[in-house]
Every structure is written in structure tokens, then in C-alpha cells.
Amino acid sequence: MAPIGQLTQPTARLDALARARQRAALLPDCLAEARRVANTVIAGWHGRRKRGIGETFWQFRPYVDGESLSRIDWRRSARDDNLYVRDREWEAAHTIWLWADQSPSMLYKSDVALVSKESRGLVLMLALAEILSRSGERVGCPGIMEPVSSRNAAERLALALAHAPVQTTLPDLGQIGRMSDVVLIGDFLDANETLDNCIGPAARRGIHGHIIEISDPAEETFPYSGRVEFRDPETGEKLVAGRAETVAADYRLAWLARREALAQGVRRMGWSFLPHRTDRLASEALAAAHGRLSGIPATRKAALA
């Protein structure tokens with residue numbers, strides 16, 4: 001039979017950045033259909049607007065006896081008979097660490113997928129960096145780029161990835177501070193214990209995290225029949241199935257059981273789990289990831305849709 005899929009060439013980082021910005025530009029429209037959830041992007045990713053120390057004007061309010069006279073805005077007060085104070089907005093930029101798997105298994109793309117897993121993972125990571133940076137958040141990548149608060153954070157991350165060695169193992173989260181969020185994107189085909197050993201210590205230190213599992217539709221549906229040779233892209237090991245269709249049902253059950261065990265382990269540590277297939281639009285996973293980072297429960301997201 002004809003091959004179902006193939007390994008692709010690694011995605012150019014700047015090409016992924018261009019596609020990521022296209023997806024990011026679509027996000028406000030996608031969320032508008034979900035009852036204007038995009039307003040959280042305009043007000044700040046986490047909706048933390050309040051009076052405090054900062055550079056951005058927030059509001060005028062009446063002067064209260066006992067406050068320092070130096071806080072009075074005399075220009076505004078001259079308009080009527082009241083005294084007004086100029087309040088500034090409290091700025092509390094959050095640190096978000098983004099990481100996308102670049103191991104050989106991520107290069108797989110079947111004939112029914114839109115892109116390779118690696119390409120989709122990079123686009124999602126850079127799109128999140130683009131939107132987070134618009135909200136004034138600090139964005140970093142473990143082992144690749146220290147957190148920056150910059151409007152061009154996505155471009156800086158893409159350039160850092162282009163010049164860094166390819167990461168084929170889960171990142172070291174040991175140096176990440178408690179008041180941070182972590183987003184890990186990959187296929188997570190290694191043993192669940194590998195992921196547990198990565199995120200377990202971080203979760204116990206109070207770090208919030210989110211797992212986005214990227215899969216190819218062929219990996220889930222197993223559309224193979226006849227004699228098929230399967231090859232592990234990382235180890236080179238081969239497995240020949242004489243009649244692949246005879247194991248399809250058992251394979252699908254095993255795949256779903258693996259995913260459920262992975263999801264339960266992640267959620268048990270207090271992290272969120274989001275599966276995403278490469279035959280779906282990147283904007284779907286992007287909107288769902290926005291909900292996770294914004295603290296919107298899945299039930300509320302469904303009600304808003």
C-alpha cells in the first residue's frame with residue numbers, strides 16, 4: 001500500500017514565526033465568537049488591573065483628606081470645584097516559560113495532517129509568545145532564552161531557537177521561580193515517568209503548568225493495512241506487521257489508555273492537559289491555551305462558546 005506519512009525536514013524558525021503571527025492575529029476574532037473572551041487580552045492576560053505603582057494612567061478620582069497634596073492633579077482639578085488625584089495602573093507582569101519539543105518524532109506528518117507535529121508546536125509556542133508580549137508579560141524559554149518583556153519577544157525567541165542546539169529532551173525546570181507559568185508542547189511519547197520526573201518537582205514548588213499534547217491523526221486512528229514496516233525515528237528500531245489491520249483495534253485502545261494515563265498524571269499534579277491534533281486548526285489550540293493561562297475553567301469556556 002502507499003505510505004501513510006513521512007518524516008519532514010525541520011521547520012525554519014522564522015517561517016514558523018510568520019505563521020504564528022497569522023494565528024495570533026486570528027485569536028481576537030476566534031474569542032469574539034466565545035462571548036468576547038478576547039477582552040481579557042485587551043485588559044491584560046490575567047485581568048489584574050488595579051490601582052498601584054506603574055507608568056500607565058488608570059483613572060482620576062476625588063482627593064481624600066489626609067493624602068499628600070503632591071498627588072493632586074491640578075490641571076484636572078481646575079475644571080471644576082473638586083480636587084482630583086491621578087491614579088496609575090498597578091503593573092504586575094507575569095513570567096511565562098514556553099517550550100516546544102524538537103525531537104525526531106515531532107517531524108512526523110501523515111497524509112491527512114495539515115503540518116508536521118514539530119511545525120505545529122513551534123507555531124503554537126511563538127503565537128503564545130506574540131500574544132503574551134502584547135499583554136506586557138515576560139516570556140522565556142528554559143535553556144534557550146531568559147525571560148524578556150518586549151513587544152518583539154516572539155521574534156527574539158525565534159532567533160534564539162535558530163541559534164541554539166536542538167533540544168530533544170524535556171527542559172530543566174529547576175531554576176524557574178514559583179510565581180511563574182510553564183507551557184510544555186510536544187507529543188510526549190516517552191514513558192509517563194519521564195514527564196513526571198520533569199514537572200513533579202516544579203509542581204511541588206508551586207509552579208503552575210500546562211501541557212499541550214500534539215499528535216498526528218494517523219497516530220490516533222491507525223489507518224494502516226497489509227504489510228507495514230514501522231520505524232522509530234529516534235532509535236531506528238523497526239517493527240514489521242504482516243497484516244496491520246488486525247492490530248488496529250487493540251492499538252487504538254492502547255493509545256487512548258496511554259493518553260488518559262498521561263492526562264491523569266498531569267492533572268494530579270495540578271497542571272492542565274490539552275490534547276491537539278495536527279488535522280485541526282492551530283487557532284483552536286491557541287484559544288484553548290489562552291483559557292488555561294487566563295484561569296478560565298473548561299466548563300465556563302464551553303458555556304461561553
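## Exercises on a predicted protein model

The protein's accessible surface is about 16,100 Å², and carbon and sulfur atoms hold 52% of that (Shrake-Rupley method, 1.4 Å probe; for residues, only the protein chains shown count as cover). A bit of housekeeping: this is a predicted model, where local features need pLDDT of at least 70 and side-chain atom pairs count only at pLDDT 80 or more, while totals for chains, interfaces and linings use all residues. Residues are numbered from 1 along each chain as its sequence is written, and side-chain values use heavy atoms, with hydrogens and water left out.

### Exercise 1: the overall fold

Work out what secondary structure the protein has and what share of its residues is buried.

Step 1. Go for the secondary structure: there are 10 helices and 12 strands (DSSP runs numbered from the N terminus: H or I of at least four residues for helices, E of at least two for strands).

Step 2. Now burial: 46% of the 305 residues count as buried (under 20% relative accessible area; exposed is over 50%, partly exposed in between, with a 1.4 Å probe and protein chains only).

Step 3. Then contacts (heavy atoms within 4.5 Å): among those with a separation of 6 or more, 74% join residues 24 or more positions apart.

### Exercise 2: helix 9

Compare the span of helix 9 with the expected one, and find out how enclosed the helix is.

Step 1. Helix 9 covers residues 282-294, and its 13 residues reach 18 Å from first C-alpha to last, close to the 18 Å expected at 1.5 Å a residue (the expected span is 1.5 Å times one less than the number of residues).

Step 2. Of those 13 residues, 11 are buried, so the rest of the structure largely encloses helix 9. Among the buried ones are Leu 286, His 290 and Leu 293.

### Exercise 3: a helix pair

Describe how helix 4 and helix 5 pack, and which residues meet.

Step 1. Helix 4 (residues 117-134) packs on helix 5 (residues 153-163) at about 145°, axes 7 Å apart (axes are lines fitted to C-alpha atoms, for helices over the stretch in contact, and angles run from 0 to 180 degrees between N-to-C directions).

Step 2. From helix 4, residues including Leu 122, Met 125 and Leu 126 meet a set in helix 5 that includes Leu 157, Ala 158 and Leu 161.

Step 3. Sorted by class, this contact has nine nonpolar, one polar and one charged residues (nonpolar: Ala, Val, Leu, Ile, Met, Phe, Trp, Tyr, Cys and Pro; charged: Asp, Glu, Lys and Arg; polar: the others, Gly among them).

### Exercise 4: salt bridges

Step 1. Lys 117 pairs with Glu 219, with the closest N and O atoms 2.7 Å apart. Lys 117 sits in helix 4 and Glu 219 in helix 7 (residues 217-221), so the bridge ties together parts 102 residues apart in sequence.

Step 2. Arg 280 bridges to Glu 284 at 3.0 Å between the closest N and O atoms.

Conventions:
A salt bridge is a side-chain nitrogen of Lys or Arg within 4 Å of a carboxyl oxygen of Asp or Glu.
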